[in-house]
Amino acid sequence: MAVLEVRQLNYVYAAKTPYEKHALKDVSLQVEQGEFVGVIGHTGSGKSTLVQHLNGLLRPTSGQILLNGKDIWEKPKEIRRVRFEVGMVFQYPEHQLFEETVRRDIAFGPRNMGLSDEEVERRVQKAATFAGLREELLDSSPFDLSGGQKRRVAIAGVMAMEPQVLVLDEPTAGLDPRGREQMLRQIERYRRENGTTVLLVSHSMEDVAAIADRVLVMNGGEAAMMAPTEEVFSRAEELEAMGLSVPAVTRIFMALRRRGYDVGDNVYTVEKAVERLMPLLKRGCRPC
Amino acid sequence: MLNDITIGQFFPGNSLIHRLDPRVKILLTIAYIAAVFVPVNWYGLGLAVLFLVTAVALSRLPVKLLWKSIKPILPIILFTALLNMFYVGGGTVLWEWGILKLTSKGLVNAAFLAVRIVCLIAGSSLLTYTTGPTTLTDALERLLGPLKVIRVPVHEIAMMMTIALRFIPTLVEETDKIMSAQKARGADMESGGLLQRIKALVPVLIPLFVSSFRRAYELAMAMECRCYHGGEGRTRMKQLHMGLRDAAAVAVMLLLFTAMILLNCWTAPVL
């Protein structure tokens with residue numbers, strides 16, 4: 001059974017006003033337990049609106065969201081439970097920190113869950129480790145940290161709720177290349193070790209290509225594609241028509257193929273590119 | 001949740017009223033507010049209403065919009081009218097109960113007052129509906145210009161007003177975002193007693209303060225990078241020009257005053 005299922009979801013912003021906007025149109029999708037799904041789409045394609053439905057921050061105009069087969073809006077009063085099961089990290093989450101110490105800030109979510117002090121502390125420790133925060137940082141003020149560290153604190157705050165599904169909206173935006181890579185590695189490790197389902201919203205095709213099992217492509221409020229990563233990036237023309245692109249390395253390989261080099265398709269990570277290029281270089285690098 | 005708050009009621013348009021010089025508009029609005037208190041009988045007040053109706057028609061604003069600005073004041077109007085109804089004596093007694101006495105004069109007085117207040121509010125909202133907030137502060141700065149002589153920092157006050165107005169929507173958006181983020185971490189803002197709800201706002205208010213300060217620093221830095229040094233010797237991108245249109249508007253207002261005063265002399269007061 002799919003851990004998360006979206007059925008015929010429609011969402012209209014500011015209904016019945018001149019600013020009315022149909023942000024989501026008949027979106028349906030299924031996410032399996034433990035899967036890593038990348039969500040890509042042009043600005044305004046509805047990807048942020050979609051993910052805010054997954055933990056009940058927005059209520060669908062029509063359609064359903066099923067978590068473990070149960071409609072999350074079945075009992076609107078208990079929507080908070082859903083938020084603990086579907087953890088959501090917003091864009092620039094470092095702006096939500098408010099506590100006196102990092103430890104207490106990370107503990108905010110678990111405390112809201114009504115857990116015991118020991119359990120909260122255990123989760124804080126664990127989440128901090130996964131987010132790459134050193135122990136001695138836990139007792140400093142979150143406002144004294146660097147931007148990258150603040151973001152780690154915010155992400156740890158959501159990880160500490162130990163949700164079944166972790167949704168991250170642009171977690172690498174504004175980080176330097178090393179920070180990006182580290183962040184993605186840590187998210188991937190967290191998923192592997194906890195069996196958490198992860199949805200990653202990103203503008204970076206490289207990030208998504210490197211890490212996602214499947215990719216959801218949003219376009220104009222519709223789910224345009226939902227397919228394994230290689231399949232999505234093999235449809236380069238369609239992606240470009242939606243104002244998206246394929247990873248830079250894929251573009252290079254497409255150009256190489258057009259010039260007659262036998263490099264094969266489905267290259268969307270640098271590792272794979274190296275693997276394909278090495279035999280070619282050994283042969284003397286001529287078009288065949 | 002917060003997106004139904006409208007601050008700055010500007011309703012864009014290109015009507016005659018929209019195009020009036022904002023300085024003239026402010027002065028005329030003040031004049032109109034004064035004018036509403038001139039008449040002593042229905043003829044004069046009718047004239048004020050007629051003036052307002054014409055102005056609204058010229059502005060091509062939807063009437064619904066004006067109703068929206070009057071609606072929140074309605075309880076106050078009703079309350080004032082009710083007080084006046086029983087407070088003003090004279091005329092024939094229509095209804096009596098204990099110390100409450102409803103007289104014909106009281107009734108007329110209440111109605112008169114209600115119409116006056118409605119005119120007052122509708123007239124002043126016409127200004128804010130047809131003038132953008134930045135234009136408005138710009139005009140205020142010009143009008144208050146003479147105060148510079150007595151060392152009132154007029155330009156700085158106007159700049160602060162402009163910045164404050166500019167950042168209201170930004171802060172509303174920011175609040176919405178932070179609230180969502182804290183709700184995603186299980187913050188409960190919809191239930192509990194008063195104290196609990198106030199406490200629940202702490203995780204929203206602190207990040208909001210922090211980000212406001214950050215924005216303020218960033219803005220100050222950006223302004224300094226562009227060599228902002230206050231109002232001295234500053235030229236404007238949008239020059240305000242008074243034209244024939246504005247002269248005509250002033251003339252109409254003067255006419256209104258004259259007519260009202262003459263009517264007051266020739267016809268009997270209602271009160």
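1. Contact here means heavy atoms within 4.5 Å. On that basis, chain A brings 20 residues to the contact and chain B brings 16.

2. A word on the ground rules, friend. This is a predicted model, in which local features need pLDDT of at least 70, side-chain atom pairs count only at pLDDT 80 or more, and totals for chains, interfaces and linings use all residues. Residues are numbered from 1 along each chain as its sequence is written, and side-chain values use heavy atoms, with hydrogens and water left out.

3. About 1600 Å² is buried between chain B and chain A, with 60% of this coming from carbon and sulfur atoms; buried area is the accessible area (1.4 Å probe) that two parts lose on being put together, summed over both. Of the area that chain B buries against chain A, 41% comes from Ala184(B), Arg185(B) and Gly186(B), more than from any other three residues.

4. On the side of chain B that touches chain A, the residues comprise 8 nonpolar, 3 polar and 5 charged. In this scheme Ala, Val, Leu, Ile, Met, Phe, Trp, Tyr, Cys and Pro count as nonpolar, Asp, Glu, Lys and Arg as charged, and the others, Gly among them, as polar.

Key
Chains lettered and ligands numbered in written order.
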